[in-house]
Structures are given as structure tokens and as C-alpha cells.
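Biologist: Could you walk me through how to read a few features of this model?

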Amino acid sequence: MFACIFVPNFPVAAVFRAEPELRARAVAIFEGKPPLEKVFAVNQGAARMGITPGMTKAQAELCSGLTLRPRSLLQESAAHAALLDCAQSFSPCVEDAAVDTALVDLEGMESLLGTLPEIARGIFRVAADLGLDVNVAVASNPDASVLAARGLSGVTVVSPGKEGESLGSLPVEVLFAERWENKESAGKRKEDEQKESARLLATLERWGIHNLRALAALPEVALSERLGQEGLRLQQLARGAASRTLVPVEAPAVFEEAIELEYPIVLLEPLAFLLNRLLEQICARLASRALNTQELRLTLELQNLTGADPQLDIFGIPSESDEGQSRRSSLAVGHSQSLPAFGAFANDRRPTTNDASQHFVSGRQNKFCRTLRLPLPMLDSKLFLKLLQLDLNAHPPGAPITKIHLAAEPARPRSAQGGLFLPPSPEPEKLELTLARIAALVGEARVGSLELLDTHRAEGFRMRQFVAAAPEASRQKSSTEERSAVAALRLFRPPLRINVTLENGEPIALVCSKKKEVQGSVLWKAGPWRGSGDWWEREAWARDEWDIALQTVDTVVLYRLVHDLLGGAWFVEGTYD
Amino acid sequence: MVSSGIAEMDALTGGLPRGCLTEICGPASSGRTTLLLAALAAATRRGEFCAVVDASDALDPQSVAAAGVELDRLLWVRCGEESHHAEHRLEQLLRVADLLLESGGFGLIALDLADLPTQTARRIPLTTWFRFRRAVEHTPTVLLAVERQSIAGSCSSLLIKLGLRKLSASENRVSELQEDSQIAPTHAQLLTGLEITAELVRSRLERKPVRSAEITFTSKTAWAG
């Protein structure tokens, strides 16, 4: 048995999926280049007002109470992807029949998912969860299910052998389904097909054939003499007797959602409302395919800025050197490492190493991109929204927003084996949100875990993303060997510059102007211990280190002194504590 | 109770209590950071995740690694930038501490206030310490506060006071630090360790009243072997 999922009036359905509040209003979709935009599709409310496809946009605008939306190929692509996701959640064998139609092979699914009516109702529910109003029809062959879905609204189950009877009352127009592909990409071939379909339909109308029952009853020989093989094919379809195999496709793992705004947004709060909607749609689609995500890419199209501003001509992809300067190598909320989804940019972009945001200025469009990289695959729309909000608060777009595009990189869900005796560990989702909030307080580069670098240079370390790895994986590294206490050093950042009194080249007293308590006479000293390095680099260093016991006003303190051999200055680097 | 990483300290206090606030106080060079890193090393060896909220950005990565802390399990939060005043750093520390305690899942959270001026640290209201204590109650988290003087009052369940007794050098054992105690040349001297005294000032974990007890433990420098 085969199920067909059909989305009626697909372009309008794609818009309603992105903006559900428009369902109760009269809506018309237009396309084309101004000033020659024409109405492309209308919903029932607009049709009742007399708006028809082919009207100019100017004519449609004369109707009060009509909502106009430009055709968005990205929204239609997202709706089509959601349709395939819905189909794939019921069977691995799915045919991408048309942009508004998906066919599902239900062979063997009854033992898993229930009876055919239950499966059909389940498909209807999942599609509704994904924001699509669909017709679902189940029949013994793919073409019969397609006709039933196109002609009958809601959920339909056609019993085997009763196809002709079930489809008989449908109008012949259902055999010539409207195709919603982009006219420019379809080209002349689609035009010829449309003309041929119109000719056949007109012929059938002239013969008084208005429904499939009448077409099925025509004599085959006479029909083939007048309409040829195409006529016979249509008759087989009308009888529900056409048989063909499904051509299954692997639905591409592309999870993108977009929304174009009627008015630019200037505040982050309404932006968060729209982001929440897009995130919920993406998460629902990922969940239907049992996937999580580890990367979210947000691209905001900004309102055109008048005049060229050199300060804004920036291209903020961070270089490797930026990451080496004590920035985390893979920030939870950080920089995009790839070009944004949208295509060509103007040639006047210039790189910068300062700005963390990606902000493209061209003659025609501004784009602002942020990438949210997660340490582990997750699927929590509320968490993603909070992380994006924190990031946008820290890196605001700087201009009103006219379009929002969100893409998620799919990943397999993480699996972790729980245990009764495992040490406590933070929940990954909670931890990610906590780290983002901490980063908003102290700075992104000032929170994380340590990584020592292979160098003897002072401050030879870098911060990296803190990940609470699964206890089993990290347990293997842990050692139960007891160690004796190691005397620790507390550093002054930056090191404190001091004035040192020397005797025979050895410090005997010091004074620090910045920190009054760091002054006194040296009771004991060890050193100097000489270190140097990177002499082949621009940032060569050479220093002498001393460990001293300093008699201060109150007590004796152990310090590490550093004498910079290249600059000549003396510093207190830290305290032994 | 969990091990502090130093056997003598465990014998003195019984270890560090989970679900309670412990204060470690003392002047500079009294071994506070040594004890902190030993506790972090013990916790990470147990497989727990730890966090250090560093008010003065004073943590030395080399010392952390030498102490045996597993770096992957340590979250380091560096409060304030160079130009920020102590009050700003303190405010950041308190807000970060709130976030970490709310998040949960850490075996040990350390608030490093050791380099903050005492008058600044004393500005933390007792209600804040009380809130921190309530946040860790009935959790497996050890909350440590490292400071110059005790500032949490009765909110801390354990109060340890540290002091420097003497330092050890390779060529010259100095028992009394005097101006003429340098016997060997400086280049022949090597700081090999510190002898730390620890006093258990207060413990609310035992029913019987605690008499002030004192122990001494030795810490070695990383190069002493």
C-alpha cells in the first residue's frame, strides 16, 4: 500500500507555515520583478474577494483587507523539506513526486505503526506539527493515492479493488495537477506540458467528460484513436488501475528555515519571537528524523544603509591568529568559520581582524551572520533561543532586520550510558546555557578550560571550550595515585613593575608603586634562573627569574621576581602561596 | 566528606564536607592556593568536574598542571579585565557563583578571593553567603572560599586558617628568616618547598565543641622532585 501526502495550494501553505497568524486572513502571493509583479497564488479568503492569479500587484493592492506576501523560494524549500521529513518519519522508502507531493511505501509498516487508517491519521498529525495542512490518502498503487489526495481533503483510505469507485466522483482537472515549480527554472518544457494539458482538458470538457467515472467508462480504442497514448494513460489513472514502482529518494539532510519580514525589526524582543518559531520548526523536523544538531547558523539580512561607511565595510571571519590570542578555539557562541548561506556578495568587502560579527556591506544587501556551535549534539529549542539571545545581546546586528534565515547542521544524537556510581557531572544543556551567561558577564575568552602550550614562554597557555565529557570516557584517564602537595604560584596579571635595589647584581630591596604592600627588604633569594626563547620570532624573550623572601610590613612573603633582559625592567610575576 | 588532597589536612578536618561552605584563609604565602590546587586535583582524580571563579585572575596554569589537576575537568572563570576595579571583579564573582551553583553538577566550586582587599571582600553581605550555602545544601558540591580573612561568618561549616612556618631550600635549610641567613650563593639556592601550618578554627560538622587544632604539612615546588 502507498500513502500520498499532498499539500494543497503549496505556495500559500509555505507562507502559512512561516506565519501561522495569516491563516485567518485573505492572503495573496505575488512574484516577479517590480513594477511587473503579478499575483501568483491566493487562498480562499482572497479568492472570495475576487483576487485571481495573474492580476497585477497594483490591482491587488486596491483591495483592503488583503495581505500580500512576496513569493519566497526559501520558505517553499523549507516547506518541501518538512514534507519529506514527515514522510520519512513513517517509512524509509519515500518518493519526492512533486514539490507539494510525497509518496510513502507502507509495505511492512502496519506491524510497526498500526492499521492503515491509524498510519494515515498519524501522518496527518505529524504534518500538522510541522506546520503543514495536508491531505493524506492511502491506496494500493501510487497514482491512485496521488489522485485521492489531490481530490479529497483530509484523510482517505481507498480499499484495494475499490479505486475506481472511490475516485469516480473526482473532477477530471485532478488529473492535470498544477505544478508550482519556478517557471524560470522549468523552462520551455513545462510550458509545452501545460499547453498539452490544457488541450486535453478542453477536449474532455467538449466531450462532456467532467469526472473520472465518465472518463473511465469511455471505450479504450476510440479514446486512443482520438487522444493517443496519453488518453489511455489518463483513463488508466481514472480507473485507479495504473501501476508503477516508486522511485525512492534519500531526502537531503538540509534543515533551514527563513522568514521575510513585512516591516524591519529594530528590537531584539520581536526578533526572539520569530527565532523561537523558526527554531521550533527546525527542531520538529530534526526530531522527525531522529537527529540532533551541533551547529546553528543565523543569517540576518539588514536594512540597506545609505552611504558608504568605511567603518562598516568589514568582513569579520576570524583568522587563526585571532584564535591564538587567548580566544577559545571553538566557542559555544562564537564566530562562523564558513561563508553564510546566501550567495554572491559585492566585491567591495574587505577583511578585518577586529570585529567578531560577520557584517557584509554591499551595494545591495547587508548580511549579519552568527554561528552557534555546541559541544555536544542537542535538540532543545528553548535552549537554542536563549543562547542566540545572549549572543545577539553581546553582538547586536546594528541595523534593522528585514529577513531571518536559520540553518541547523544535523548530527546523530549523543548516547550516554548512565550509572549509579558515577561522579556528578553538569547536564550538557544547562551547562551550555550557564557558560553562555558567564561569557556574557566576563567575556567569551575568559571562561573555559586550560590548555598548556608547548612553550616555555610566560603565559604559555590558551583557553578552550569547556566540555563536560561523559564520565566513562574521562574515567580512563584519571589516576588514583596520591601526590604530595605542590607549592603553587599566584600570578599578577599583568606583572607588577617594581624598582629594585641591587647589590652585586642581586636584589636586596624593592618597591612597587602600584601595590603598596609589595615592598621591603629581601631576606632570602635564589637565582637567577635564566630563560629565553623564540629568538627566531619577532616576539623573542629573555629573562632572569629570582625566588625571594620579602620582609613586608606585616609578614614574610615569597615572590618570584623577573628581570626582563631585553627591556631591562624588573617585575614581580607572582606570589608563592 | 571528601579528601582535600593533603593527608595531614584530612587528618585535621576529616576532609572537605560536601554540601557545605568551607573557608580557607590566611595571608599571602600561607599555602592557600596550594591547598586549593590539592583539593582540585583530588576532585578531578575522582572524576568530578570543578570550577574556579578567580576574582583576581591569578591562577597559574603551570602550577595547576603540576598539582595534578586534570585540566579538561576544570572550568576557569577569570573575572574582570586589567582596568577593572576590585568592586567590579567582586560583583562578577558573585554573579558567576550564582550561575554555577544554579547549574549544578560540579564536584567542587572554588571562589578565589585571596587577592581582593579585605575591606572589599567584607562587602559581601551575609545574606549572599547564606544563599550560597543554601544552594549547595543537599548537593554533592564542595563550596570553597579562599580569602585573606574569614568573611562568611556562621555561614561556613568549616574554617581553616593557614600560615607560613618556614621555607625549604636545597642548600640552606632556613629555620629563622633573618637578613644574614643567606649562607650559600644565590645561584646555588633552590626553593624546594614551604612548610605550612593549618589551624582548624571552626567546624560545625561535629557535635562536640572543637578545640583549635593545628597541624603542619609540607608542600614541594614542582621542580623539587
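Modeller: Gladly; we will take a helix, then a core, then a loop residue. This is a predicted model, where local features need pLDDT of at least 70, side-chain atom pairs count only at pLDDT 80 or more, and totals for chains, interfaces and linings use all residues. Residues are numbered from 1 along each chain as its sequence is written, with chains lettered from A and ligands numbered from 1 in the order in which they are written.

Biologist: Which residues of H4(B) are buried?

Modeller: Buried means 20 or more other C-beta atoms, placed from the backbone, within 10 Å of a residue's own; exposed means 12 or fewer, and partly exposed is in between. Helices (at least four residues) and strands (at least two) are DSSP runs. In H4(B), the buried residues include Arg89(B), Leu90(B), Leu93(B) and Ser103(B). They are on the same side of H4(B), because they cover an arc of only 160° around the axis, taken from the directions from the axis to the C-beta atoms. Helix H15 (428–442) of chain A is among the elements covering them.

Biologist: How many residues does the largest nonpolar core have?

Modeller: Such a core joins buried Ala, Val, Leu, Ile, Met, Phe, Trp, Tyr and Cys residues through C-beta atoms within 7 Å. The largest one here has 217 residues. Helix H2 (residues 32–45) of chain B gives the most to this core, nine residues.

Biologist: Is Asn211(A) exposed, buried or in between?

Modeller: Asn211(A) is partly exposed, because 17 other C-beta atoms lie within 10 Å. Its place is the loop between H9 (183–206) and H10 (212–217) of chain A.

Technical notes:
Two residues are in contact if their C-beta atoms, placed from the backbone, lie within 7 Å.
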